[in-house]
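Please take a moment with the sequence and the model shown below before reading on. The paragraphs that follow go through aromatic pairs, salt bridges and the surroundings of the ligand in turn.

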Amino acid sequence: MSTTPSPGPTAVPVPLSTGEPDAATLARAAEETAGTLLAPAAPHRLADVVPAPQQVQPDPTADWALPAEAVIVSSADPAALAVAEQLAQLLRPATGYPLPVTDATTPEPAGGIALVLDDSADLGAEGYSADLGAEGYSADLGAEGYSADLGAEGYHVDIATDGVRITAATAAGLFYGVQTLRQLLPAAIESPSPVTERWALPGGAITDAPRFPYRGAMLDVARHFFAVEDVLRVVDHLARYKLNHLHLHLTDDQGWRIAVDSWPKLTTVGGTTEVGGGPGGHYTKADYQRIVSYAAARHITVVPEIDLPGHTNSALVAYPELAPDKIAPPPYTGIEVGFSYVDPADERTYDFVADVLGEVAALTPGPWLHIGGDEAFKVNGEVYTGFVERVQRIVADLGKTVVGWHQLAPAAHLDGRVLQWWGTNGEDPTTVDAVRRGARLIVSPGNHAYLDMKYAPDTPIGHDWAGLIDVRKAYDWDPGTHVADVPAEAVLGVEAPLWTESVTSLADIELLLLPRLPAIAELGWSTRATHNWADFRDRLAGQGPRWTTAGITFHRAPEIPWRTAPTIPTQRNLPQTHTATP
Ligand code: TNX
């Protein structure tokens with residue numbers, strides 16, 4: 001398929017001999033210029049999508065362009081219609097087209113875009129059912145619709161001369177089809193205001209489904225607090241790359257960020273600090289629910305973390321009765337770890353844990369509660385495992401599935417429990433043993449998936465304790481085989497954590513997230529058969545102009561052959577024929 005870029009606007013020819021051009025010349029020149037702008041632009045390759053789709057069948061005879069009068073027609077199911085409206089909202093700003101949304105029993109593209117919810121669509125055969133087995137997670141994830149036979153997240157996209165058809169068994173699948181479609185349009189589709197562009201799409205068919213059911217990123221809102229709006233924008237970035245879990249690290253030594261009615265000082269006292277001495281902040285219950293529902297509308301499940309028994313200095317400042325010596329420690333705004341803990345020998349601690357987890361569970365529709373468990377250096381051996389086992393039981397009694405950092409491994413198994421592995425050398429006999437006893441793993445290797453590691457020595461923010469992580473390092477590993485002696489069937493998925501000791505703004509978040517988040521997203525979504533650095537690098541390069549056009553900060557990693565952003569001819573900056581006289 002041709003990938004020749006469309007020619008840019010041509011200069012308006014101005015006859016030199018007579019000084020001022022005549023009106024007819026100007027009119028002709030303007031027409032030619034407009035004609036060039038509207039000339040069929042060569043569309044992207046159908047395979048130019050991140051994460052890499054499972055199957056791509058280009059059909060160069062079927063290239064198609066979205067017309068101004070296109071209609072988006074969807075199955076009448078409310079969740080499908082919601083995706084259709086999201087698609088319209090993605091396309092309206094840049095196109096300036098009205099793109100009305102309608103419903104039909106049998107949606108047909110008819111020169112526009114059809115979203116077809118078809119629960120007989122069998123997209124599961126090559127999805128994660130093959131890798132992970134239906135039984136492994138249908139028990140725990142069934143409520144959320146991870147039905148292996150239906151392929152709960154798979155989709156088809158067909159681009160033909162009569163328009164686009166997206167088919168899926170669920171609204172989530174339709175949503176992922178929409179994300180793919182978005183990337184197949186010219187980068188100017190990311191413009192927040194109308195652009196003169198031919199909205200061309202490459203013809204052909206894509207069939208796609210994820211490798212793993214859990215594809216996530218974590219944002220630490222405890223070390224530095226981030227406003228709800230910033231978190232929503234991070235959700236948008238996750239959605240673009242088909243990630244489906246947002247893990248929020250809500251509590252740590254430096255601040256407690258989620259309101260708990262039964263222990264109000266957690267936020268009124270414990271929430272007023274952050275690393276470096278800034279004002280901190282916290283989410284009200286309404287704030288948190290806003291994040292949860294914004295994420296849910298993008299098929300993303302929020303995983304709240306209350307880190308226990310360590311990383312709790314902010315709670316001890318608020319409630320000294322939880323401290324082993326019952327004395328309030330000073331607020332902490334540094335970046336050391338491992339010094340604080342709630343008293344595992346005091347029953348009051350378990351009242352606190354039950355109250356907090358109960359309130360957080362009640363606000364959280366997703367199945368997971370993350371209880372941390374890392375770096376509790378002062379709670380050892382049986383005291384530690386005894387504490388964890390009680391907390392795991394509290395989570396189970398709330399009807400939730402426990403997730404914790406892999407330090408939880410020595411504790412007794414409990415149905416469904418998930419460990420988040422963050423080691424750096426791929427060997428961990430204690431974790432392997434926990435997996436043998438039934439635990440599943442989310443893999444977040446510190447030296448590949450930690451988004452707070454610097455890209456290079458001169459990255460202005462970030463750490464390097466797990467090494468430098470350039471884009472290739474973020475991409476070149478396999479979640480299915482990474483932890484020695486853990487079978488791929490035990491791997492629930494992958495997550496990229498962003499710790500924020502050095503991160504103070506949305507621009508900082510984006511600089512560390514992009515372009516590594518799409519690399520981790522591809523490891524979670526794409527089948528191993530598509531794994532290829534050179535191919536990924538080229539597809540990733542195409543994302544740069546999209547971020548630039550959308551006003552998103554990213555790190556211009558030198559190993560990526562970034563394409564330049566289009567110079568967008570908006571209605572206002574079309575080439576001017578400024579000297580026209582009648
Ligand atoms: C380790 S990873 C931590 C965090 C720090 C992070 C900094 C983990 C479970 N604990 O407390 O923020 O390193 O990279």
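Tyr475 and Trp533 are both buried, where buried stands for under 20% relative accessible area, exposed for over 50% and partly exposed for what lies in between (1.4 Å probe, protein chains only). This is a predicted model, in which local features need pLDDT of at least 70 and side-chain atom pairs count only at pLDDT 80 or more, while totals for chains, interfaces and linings use all residues. Residues are numbered from 1 along each chain as its sequence is written, and side-chain values use heavy atoms, with hydrogens and water left out.

A pair of aromatic rings is described by the distance of the centres and the angle of the planes. Rings of Phe, Tyr and Trp (its six-membered ring) pair if their centres lie within 6.5 Å, and the pair is stacked if the planes are under 30 degrees apart, edge-to-face if they are over 60 degrees apart, and tilted otherwise. The count by this rule comes to 22 aromatic pairs. One of them is the tilted pair of Tyr475 and Trp533, with 6.0 Å from centre to centre and 45° between the planes. This pair links distant parts of the chain, since Tyr475 belongs to helix 14 (residues 471-475) and Trp533 to helix 17 (residues 533-541), 58 residues apart; helices here are DSSP runs of H or I with at least four residues, strands are runs of E with at least two, and both are numbered from the N terminus.

Tyr475 also pairs with Phe536, this time in a stacked arrangement with 4.3 Å from centre to centre and 5° between the planes. Because Tyr475 lies in helix 14 and Phe536 in helix 17, the pair ties together parts that are 61 residues apart in sequence. Tyr475 has a relative accessible area of 0%, and Phe536 is likewise buried at 0%. Elsewhere, ring pairs link Trp405, Trp422, Tyr450, Trp465 and Trp499 into a cluster.

Side chains of opposite charge can pair when their charged atoms come close. With a salt bridge taken as a side-chain nitrogen of Lys or Arg within 4 Å of a carboxyl oxygen of Asp or Glu, the count comes to 25 salt bridges. Among them is the one between Arg165 and Glu108, at 2.5 Å from N to O. Arg165 is in strand 7 (residues 163-168) and Glu108 in the loop between strand 4 (101-103) and strand 5 (112-117), so this pair ties together parts that are 57 residues apart in sequence. Arg165 is partly exposed at 26% relative accessibility, and Glu108 is partly exposed at 41%.

Another salt bridge joins Asp252 and Arg223, at 3.3 Å from N to O. Salt bridges that share partners join Asp220, Arg223, Asp252 and Glu501 into one network, and both Asp252 and Arg223 are buried.

A polar contact is a pair of N or O atoms within 3.5 Å, and a side-chain N or O atom of Glu501 lies 2.6 Å from an oxygen atom of the ligand. The protein covers 96% of the 370 Å² of accessible area that the ligand has on its own, as computed by the Shrake-Rupley method with a 1.4 Å probe.

Note on methods: A polar contact is a pair of N or O atoms within 3.5 Å; within protein, one must be able to donate a hydrogen and the other to accept it, and residues adjacent in sequence count only if both atoms are side-chain atoms.
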